[in-house]
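Please keep the sequence and the structure in view while reading.

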Amino acid sequence: MAKILFITWHFGCLRNFDGALAALAARGHRVHLAATQQEKQGGLQLVEQLAAAHLGITVGWTPAVATQSARDVSERVRLGLDYLRYAAPEYVDTPRLRARAADRAPRGVVWADRVLGAAGRRSIEGGLRRLELALPQDTSAEEYLREQAPDIVLFTPLIGLGSPEVEYLAAARRIGLRTVFCVWSWDNLSSKSMLRDMPDVVTVWNETQLREAVELHRVPRARVVVTGAQCFDQWFGRTPGRSRREFAADAGLPDDRPFVLYVCSALFRGSPSEARFVRRWVEEVRGSGEVRLRDVPILIRPHPSRLAEWRDVTLDGLGPTVLFGSNPMTPAARTEYFDSMYYSAVVVGLNTSAMLESAIVGRPVLTLLLPEFAENQEGTLHFRYLLDADHGLLHAARDMASHIEQLAAVLDNPDAAAARSASFVAHFIRPHGRGVSATDRYVAAIEGALDAPAQPPAPARPVAPPLARWVVANADRWPVRALLLSPREHDELRRRAAHLRAKRREKLMRLAGDFAARVPRWFEKAARRRRRAAEERAIKAAKRAAKAARQRKKRELLRRSRRDRVRELVAQRLWRLVGGRPE
């Protein structure tokens, strides 16, 4: 059996492959899971549970955890090339994707693209690729791969913006290892970075992703294998973990009528608060003319990455409406998640994979296409697949009134509306048939790659031009660094500088205030010192005067005593002369 090395960005990404990893281990393969970065959403706990349940699975970290710098030159060059990708014609209607890439790309690249325009874009891209050739190769990646000595290396998500796994794919290609790029989710190929080094095999879910791999990433058709969405196999044929009454009691909902499930989304940074929108949506549903919607129970599942926005939003006064659910990373949380979908009558959301999972369970899925969320919906390529006229999933409305009518109609006849979900699942989730396990197809694709010969080792990099070598050598100096920093990093530096200036001003004002408060005390102390000095001088003067008086009195007494003694002597002598003391 083979040794499989699976390199991922962080262990949370492997939640879409846990069933496939367990299947590979069950077939006798040794699977080592390695992450390049840490995260705090329960991914490590997930893979540790996998390793505990399967002897063939082990867990570790790549050297990138200790050595990868979030601001190194190679990442900036890749982000610059990723930004240029969104200048392609197919991204004309996706301004938010381009803005997101521009926010992370080097400011010099963004500035040059805006100045030179489409005519100079190819030159900019060529210059970045030549600069990429000048970057020192990551020897730690090669050393790690040689130490692991795998028969095949799997990668996911690989094409996230600035993803560090590309260093390991490049290293694997240089030493001639078999490689497989496992597409992580339904939006990866259309909304992330470009695939640079070509792996031996690319596993995709369906024909739509196959077309994206070929057209957007120039992957040869022969290297793409359509497996179905193995991450969703866990929802097929699953039964609830408890009765409807028990679930309703746990969630805090009445169990005597159907409920609506609202699934929240991971929206773009800077998007409006979905929590506030959901409250407004519930208010509109409750205040509508549809009688049955005024007291229909509503269960809202918050998205794990946007929990903070619910701190200031309450659901008080909205009837039977509850916020319920956690990140489905553990078996108990997944059971809770499945039960939420299974017992619901209809699912509503903006743009989240929970809508796909609800379709698998057979629930109709509704959405609202509102202007404030346009960039998160029709402003992306992958969302448009859900609106496809032939195989789309969503029952979409462009205003609240139409949406409420749709919601009421679907609640009246959910089975008829669920037919659209079934068609989508057959086309997008399990294209080989609803009864064909995508996990089995995925395992067969990996084993097929193991049996096939690897590509020849990639040729050594050519010598980089002098200018590119100079940029690399001077990357830490300010003129070059200013061009390599992204607009987001420049904003962060400005905010940090403004914060430091504010702190310095605050300190100076505090010192000035302290000084101003101390000046009166200083004058008061000086006055007290002067008063004490005057008092001490007065006391000393009084003491000197008293002493002088005593001395004068003493001298007077001495003079008086001498005078009296003289008088007495004179009198005595006179008495003797006259013959005795007078009577």
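Cys 264 is buried, with a relative accessibility of 6%. The model is a predicted one.

**Cysteines**

Cys 182 is buried too, at 0% relative accessibility. How many disulfides does a search of the whole structure find? The search returns zero. For Cys 182, the closest cysteine sulfur belongs to Cys 231. The two sulfurs are 12 Å apart, so they are too far from each other for a bond. A disulfide would need the sulfur atoms within 2.5 Å.

**Around Phe 181**

Phe 181 sits in strand β5, which spans residues 178-182. Its relative accessible area is 1%, so Phe 181 counts as buried. Which residues touch Phe 181, once neighbours within four places in sequence are set aside? The contacts include Phe 155, Pro 157, Leu 158 and Ile 159. Leu 189, Leu 195 and Pro 199 are also among them. Val 201, Val 202 and Thr 203 complete the list.

Pro 157 deserves a separate look. In sequence, 24 residues separate Pro 157 from Phe 181. In space, their C-alpha atoms are 7.9 Å apart. Pro 157 belongs to the loop between β4 (152-156) and α8 (165-174). The peptide bond from Thr 156 to Pro 157 is cis, with omega about -5 degrees. Most peptide bonds are trans.

Leu 158 lies in the loop between β4 and α8. Leu 158 has a positive phi, near 70 degrees, and is not a glycine. Most residues other than glycine have a negative phi. Is Leu 158 buried or exposed? Leu 158 is buried, since its relative accessible area is 1%.

**Other positive phi values**

Arg 218 is another non-glycine residue with a positive phi, about 55 degrees. Its place is the loop between α10 (207-217) and β7 (224-226). Arg 218 is exposed, because its relative accessibility is 63%. Ala 149 follows α7 and has a positive phi near 50 degrees.

**Helix pairs**

| Helix pair | Axis separation | Crossing angle |
|---|---|---|
| α12 (residues 274-286) and α16 (residues 400-412) | within 11 Å | roughly 65 degrees |
| α13 (residues 331-343) and α14 (residues 354-361) | within 9 Å | roughly 60 degrees |
| α7 and α8 | 9 Å | about 65 degrees |

Take α12 and α16. Their axes cross at roughly 65 degrees, so the helices are roughly perpendicular to each other. The crossing of α12 past α16 is right-handed. From α12, Phe 277, Trp 281, Glu 284 and Val 285 make the contact. From α16, the partners are Met 400, His 403, Ile 404 and Leu 407. By class, this contact of α12 with α16 holds six nonpolar, one polar and one charged residues.

Ala 409 also lies in α16. Ala 409 is partly exposed, as its relative accessible area is 44%. Ala 409 and Glu 290 are 119 residues apart in sequence. Their C-alpha atoms are 10.0 Å apart in space.

Next come α13 and α14. Their crossing is right-handed. On the α13 side, Tyr 337, Phe 338, Met 341 and Tyr 342 take part. They meet Ala 354, Glu 357, Ser 358 and Val 361 of α14. The contact of α13 with α14 has six nonpolar, one polar and one charged residues.

The remaining pair in the table is α7 and α8. Which residues of α7 (residues 139-148) are buried? They are Ser 140, Ala 141, Glu 142, Tyr 144, Leu 145 and Gln 148. α7 passes α8 in a right-handed crossing. Ala 141, Glu 142, Tyr 144 and Leu 145 form the α7 side of the contact. Glu 167, Tyr 168, Ala 171, Ala 172 and Arg 174 form the α8 side. By class, the contact of α7 with α8 has six nonpolar, no polar and three charged residues.

Terms used:
Residues numbered from 1 in each chain as written. Predicted model: local features only at pLDDT ≥ 70, side-chain atom pairs only at ≥ 80, totals over all residues. Heavy atoms only, no water. Axes fitted to C-alpha atoms, helices over the stretch in contact; angles between N-to-C directions. Helix = DSSP H or I, 4+ residues; strand = E, 2+ residues; numbered from the N terminus. Parallel < 35°, antiparallel > 145°, perpendicular 65-115°, else oblique. Left-handed = near helix turned anticlockwise from the far one by under 90°. Contact = heavy atoms within 4.5 Å. Nonpolar A, V, L, I, M, F, W, Y, C, P; charged D, E, K, R; others polar. Buried < 20%, exposed > 50% of the residue type's maximum accessible area, 1.4 Å probe, protein only.
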